[in-house]
Amino acid sequence: MNWNGVYPALTTKFDADGTIDYDTFLHNVDAQLEAGVDGIILGGTLGEASVLTIPEKQELTARTIAHVAGNVPVILNIAEGATKEAIQRAREAEEIGAKGLMLLPPMRYAADAREVIAYFRAVADSTSLPIMIYNNPTDYKTLVTLEMFDELLQHENIQAVKESTRDISNVTRMTSRYGDRIKILCGVDTLALESLLMGAHGWVAGLVCAFPSETVAIYRLVQAGRIQEARDIYRWFLPLLELDIHPKLVQYIKLAEQQVGLGTEHVRAPRLPLIGEERQRVSAIIEAGIRTRPTLPNFKVINHVL
């Protein structure tokens, strides 16, 4: 794992009756691969992991690994309340063939710093898989501080952070403190370009589920030093990216997937599909984005430069 590039946090596709729709899911995976993403992340918030059973997560992971056939690494998110369960999920992921883990602090219990460090360490000690710590105090109420990272980075397989603190200066703080020891991936769509310009190594993206080519283009253009082109695409993208920072980001992004032909808006309860004025408003944002979709540069030329 080099942890560079664009890593989609994929939604889980469902049929109307709530069963997993693997055909549509893998159709979306193909679109991601065609766009040139650098990895696939399963089982996050967008993947509605909290309403998936363990066997479903395992099957989704196994099918994805088989489908991508080694072209990109498949990473499984772990969000558990019990340390024992997190360790078990990590071992299962390694057995199935995942290439890395994204790891949240303990769920439901407001652990203090000592407990969070012990939790992360226990999981890291249980697996050889490389780990990306998910640092999102806004949504999950636990801040992983630099002082905590000082201790965590003693584990060689803790290698990256999904930086979702909303503090753009954290990219510079971590780079100054750790150099190349840790890879920094932006986890907030509306701060992606800013983070990349400040030195972030990658982007764990949400709207990529519906707009993979545009997402990859921004990253590749920044790496090629073609900043104005990246900025122009990002300015077009921002109204869509703002759908990712709402409590209903799953419904919003799934509606976008449906409107571009890469998914459906089916969700699992307690989530419900959008209705009424809210659906009309979000749909209008998506339609405006589709209508004004920018012309993208030649990826082959960009990749040649890189």
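**Rings, helices and a nonpolar core**

The charged end of Arg 63 lies over the ring of Tyr 22, 3.8 Å from its centre, where sitting over a ring requires NZ of Lys or CZ of Arg to be within 6 Å of the ring centre and within 35 degrees of the ring normal. Lys 162 is placed over the face of Tyr 134, at 3.9 Å from the ring centre. The model is predicted, with local features needing pLDDT of at least 70 and side-chain atom pairs counting only at pLDDT 80 or more, while totals for chains, interfaces and linings use all residues. Residues are numbered from 1 along each chain as its sequence is written, and side-chain values use heavy atoms, with hydrogens and water left out.

Trp 3 counts as buried because its relative accessibility is 1%, buried being under 20% relative accessible area, exposed over 50% and partly exposed in between (1.4 Å probe, protein chains only). Elsewhere, Phe 211, Trp 236 and Phe 237 form one aromatic cluster.

Trp 236 and Phe 237 are also among the buried residues of α10, a helix of residues 227-241 that has a kink of about 35 degrees at Arg 235, shortly before the proline Pro 239. Helices (H or I, at least four residues) and strands (E, at least two) are DSSP runs, numbered from the N terminus, and the bend at a residue is the angle between axes fitted to the seven residues ending there and the seven starting there. The cover over the buried residues of α10 includes α8 (192-197), β8 (202-205), α9 (212-223) and α12 (276-291), contact meaning heavy atoms within 4.5 Å.

Helix α11 is largely enclosed by the rest of the structure, because 9 of its 12 residues are buried. Those buried residues pack against α1 (22-35) and α12, and α11 is followed by Gly 261, whose phi is positive, near 85 degrees.

Finally, the largest nonpolar core has 100 residues, of which Phe 149 and Leu 207 touch the most other members; such a core is a set of buried Ala, Val, Leu, Ile, Met, Phe, Trp, Tyr and Cys residues joined through side-chain atoms within 4.5 Å.

How values were computed. Phe/Tyr/Trp six-rings, centres within 6.5 Å; stacked < 30°, edge-to-face > 60°.
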